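I opened this entry to record what I looked up in the structure. I took the sheet and the domains in turn.

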Amino acid sequence: MSTQTSVHSTQKLAPRDWKFPVVYGVLAFIALVAFGFAAESGRKATFQLGQQGDFFHIPNITVDAKTTGIVLGLLLVILAGVSFWGQLKRITIGNWLPVAVGVLFVIAFLAWSGAGSGVIPATSLLAGALALSVPLIFGAMCGLVGERAGIINIAIEGQLLAGAFVAAVVASLVGNPYVGLIAAPIGGVLVAIVLVFFAVRYWVDQIIIGVVLNVLVVGLTSFFFSTVLSDNPEQWNRSMRLPALPVPVLSDIPIIGPVLFNQNILVYLMYILVAVLQIALFNSKWGLRLRAIGEHPRAADTVGINVNRGRVLNTIMAGAIAGLGGAFFTVGSGLAFGKEMTAGQGYIALAAMILGKWNPRGALMAALLFGFAKNLGNSLSAIGSPIPPDLLLMLPYIVTIFAVAGFVGKVRAPAAEGIPYSKQ
């Protein structure tokens with residue numbers, strides 16, 4: 001009896017984490033007070049949920065902004081209370097809670113910011129968010145594969161930019177955006193080869209290599225843009241776009257159809273990539289070896305795995321993934337190549353990977369969050385929101401900082417990340 005008592009007394013309860021309940025409480029307060037009680041009475045917000053070509057028509061929904069803020073604010077108060085109760089009782093609450101809090105807060109914010117400014121196109125908002133998330137998702141998957149193999153990849157920005165450059169040039173020369181898409185991974189691979197050459201062979205600090213490579217790619221692409229591409233844009237830098245490939249029947253489903261199933265091939269490749277990585281990383285021999293060389297390379301070596309070769313091959317494959325994502329900026333969006341057109345998206349992709357805790361599904365959700373934040377700023381500017389335009393432009397970067405600093409929680413990178421490996 002005394003032994004059992006001593007055993008139970010030595011058991012430690014999981015520490016309570018009040019961060020999320022506090023954040024939910026703050027969001028509930030903002031929604032209830034700022035978007036509700038303090039909002040101007042009589043202002044209406046109209047949400048457009050349907051569009052032409054849908055299976056059935058969904059009429060626009062017009063709501064009173066103040067009432068909506070109060071009702072949704074009260075619901076957020078309840079959800080914040082559920083979160084506090086869960087921490088108090090040390091009960092794990094599912095992922096539905098942060099999703100519900102996020103959705104309710106965004107709706108309240110849209111009703112407040114879009115009231116009296118025009119129609120809020122919900123379908124276009126979601127479709128644009130997905131499109132803007134595409135390079136972030138490819139970049140996050142690139143970083144995930146490389147860092148799971150033990151190579152820190154700060155050069156995602158340069159790999160995206162190189163992929164965009166190669167895609168634009170090849171598509172212009174051949175006159176076919178699909179050929180440009182096929183060639184885009186070459187740009188990312190070339191950057192990855194330089195990265196692993198110095199990281200694996202010469203043990204140069206991987207963070208420094210990544211920063212230098214980003215600067216190098218920006219310099220090279222800017223030089224060729226200012227000379228070759230600008231001198232003869234019709235031959236070297238035409239605007240070419242991958243056509244949309246609507247999936248029969250599915251693309252006509254209201255809201256979901258246009259968002260998910262009326263996209264170009266690059267978006268469909270993104271779906272496949274995330275699904276394959278999620279399965280392969282945790283349920284295949286390749287995934288086991290990849291995680292082994294990033295977590296415990298010495299143990300992997302003892303069972304016959306060539307650690308450095310695995311790091312080289314997987315980092316090069318990761319570079320191809322980033323290069324493919326870079327094609328979004330040119331042939332994926334129908335734009336000609338421009339100087340530094342990636343605009344820091346590689347660093348946001350790196351943040352999405354960290355926020356997703358080096359998990360494909362988590363990185364996907366984080367990238368979608370950042371893409372939504374960016375498109376939200378664009379959409380609110382278009383409908384004439386009272387929020388200052390400069391603040392709207394800062395929105396995705398603000399979300400990135402707060403997400404990584406406040407929402408990511410305790411994470412652990414692969415144990416051997418950034419550590420060169422030698423058998424000696």
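Predicted model: local features only at pLDDT ≥ 70, side-chain atom pairs only at ≥ 80, totals over all residues.

**Sheet and domain notes**

I began with strand pairing: β1 (residues 44–48) pairs with β2 in the antiparallel sense, over four bridges. I looked up one of the residue pairs and found that Ala45 has Val63 in β2 as its bridge partner.

I then placed the pair in its sheet, which is open, has three strands in the order β2-β1-β3 and is mixed in its pairing. β2 (61–64) and β3 (119–121) are at the edges; each has a single partner strand, so one side of each is left without a neighbour in the sheet.

Helix α5 (residues 122–148) lies across β1 and β3, and runs at about 40 degrees to β3.

I turned to the domain assignment, which gives domain 1 (16–115) and domain 2 (134–369). Their C-alpha centres lie 34 Å apart. Seven residues of domain 1 contact six residues of domain 2. Between the two domains about 580 Å² is buried, with 70% of that area from carbon and sulfur atoms. On the domain 1 side, Leu49, Asp54 and Phe55 supply 62% of the area buried against domain 2, more than any other three residues. I searched this interface for salt bridges and the rule found zero.

Conventions
Residues numbered from 1 in each chain as written. Heavy atoms only, no water. Pairing = 2+ DSSP bridges. Helix = DSSP H or I, 4+ residues; strand = E, 2+ residues; numbered from the N terminus. Contact = heavy atoms within 4.5 Å. Axes fitted to C-alpha atoms, helices over the stretch in contact; angles between N-to-C directions. Domains from an automatic or database assignment. Buried area = accessible area lost by both parts, 1.4 Å probe. Salt bridge = Lys/Arg side-chain N within 4 Å of Asp/Glu carboxyl O.
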